[in-house]
Amino acid sequence: MRTRHADRLWLIAGVAVVALLVVVTWLLLVGPQRTEAADLREQTGTTETQAAQLRARTAKLAAAQAQIGELTRQRNANAAALPAGSSVPAFLRQLQSSGTKVGVDVSGVTVGLPTAEKDVPGVWSLPIQLTAEGPVAKLGAFLDELQDSGQKRAVLIQTAGLSDESGDVKGAARTMSLSLSLKAFVAPPAGAGAPVVTSD
């Protein structure tokens, strides 16, 4: 009986030792490895998400890089539309050239003093009054030149008045007079103040 009791004690002690070894092994070796493996899986998922975001951003930047030539041309055109100086003589020659191009006589040009634009910091406007004479269709073409791609300068037509200068003449040969009040815009360097209006 004693032997059975001793065998049982050894069996229970052996099972307890094995259980204790399993628990210790789990706590000291397997548990930390599983925690580390779970952390690595989480880091892998985060890294994959970041890599996907970077690939999307890289593709977006590559698309923007492909358009850099067009964007540069657009920027240069916008910069040319807002010169740093008043450039009044060059602008008046451009007006005359546009008039001649479409068959309209541009005259009576007066340029006022520059005014700071309240809605656009650093931009000034030059009030300009002018008269253009010619047939209605050609006056329309002149207005298109002022507002369209033919105009290199940023210009806003504020008012336009059309009057008949031909007297009794009828039809296409009838000469009309178009009085325009417009603004030409200037962007002098920061801190330069009002642009100086010059003449030739």
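The model is predicted: local features require pLDDT of at least 70, side-chain atom pairs count only at pLDDT 80 or more, and totals for chains, interfaces and linings use all residues. Numbering starts from 1 along each chain as its sequence is written, and side-chain values use heavy atoms, with hydrogens and water left out.

**Whole chain**

Display the cartoon to find four helices and five strands, defined as DSSP runs numbered from the N terminus (helices: H or I, at least four residues; strands: E, at least two). Along the sequence these elements follow the pattern α-α-α-β-β-β-α-β-β. Of the 200 residues, 22% count as buried; buried means under 20% relative accessible area, exposed over 50%, and partly exposed in between (1.4 Å probe, protein chains only). The accessible surface comes to about 13800 Å², of which 60% belongs to carbon and sulfur atoms; areas come from the Shrake-Rupley method with a 1.4 Å probe, and for residues only the protein chains shown count as cover. Among contacts (heavy atoms within 4.5 Å) between residues at least 6 apart in sequence, 67% join residues at least 24 apart.

Select Leu20, Val23, Val24, Trp26, Leu27, Leu28, Leu29 and Val30, which form a nonpolar surface patch with about 770 Å² of accessible area together. Patch members have over 30% relative accessible area and no salt bridge; like charges are joined within 9 Å, and nonpolar side chains (Val, Leu, Ile, Met, Phe, Trp, Tyr) within 5 Å. Val30 belongs to helix 1 (residues 2-66) and is partly exposed, at 31% relative accessibility.

Next select Arg73 and Glu70, whose side chains meet in a salt bridge (3.4 Å, N to O). The term denotes a side-chain nitrogen of Lys or Arg within 4 Å of a carboxyl oxygen of Asp or Glu. Both residues lie in helix 2 (residues 68-81), three residues apart, about one turn of the helix. An α-helix has 3.6 residues a turn, so residues three or four places apart point the same way. Arg73 is exposed at 52% relative accessibility, whereas Glu70 is partly exposed at 45%.

**Helix 3**

Helix 3 has 15 residues and reaches 21 Å from its first C-alpha to its last, close to the expected 21 Å, the expected span being 1.5 Å times one less than the number of residues. Its buried residues include Phe91, Leu95 and Val102, and their cover includes strand 1, strand 3, helix 4, strand 4 and strand 5. Gly103 follows helix 3 with a positive phi, near 85 degrees.

In helix 4, Leu139, Phe142, Glu145 and Leu146 are buried. They cover an arc of only 110 degrees around the axis, which puts them on the same side of helix 4; the arc is taken from the directions from the helix axis to the C-beta atoms. Ala137 and Asp144 are exposed on the other side.

Glu145 lies in helix 4 (residues 136-147) and Lys101 in helix 3 (residues 88-102), so the pair ties together parts 44 residues apart in sequence.

**Final stop**

Finish at Glu117 and Lys183, a salt bridge with its closest N and O atoms 3.2 Å apart. Glu117 lies in the loop between strand 2 (115-116) and strand 3 (124-134) and Lys183 in strand 5 (residues 176-186), so the pair ties together parts 66 residues apart in sequence.
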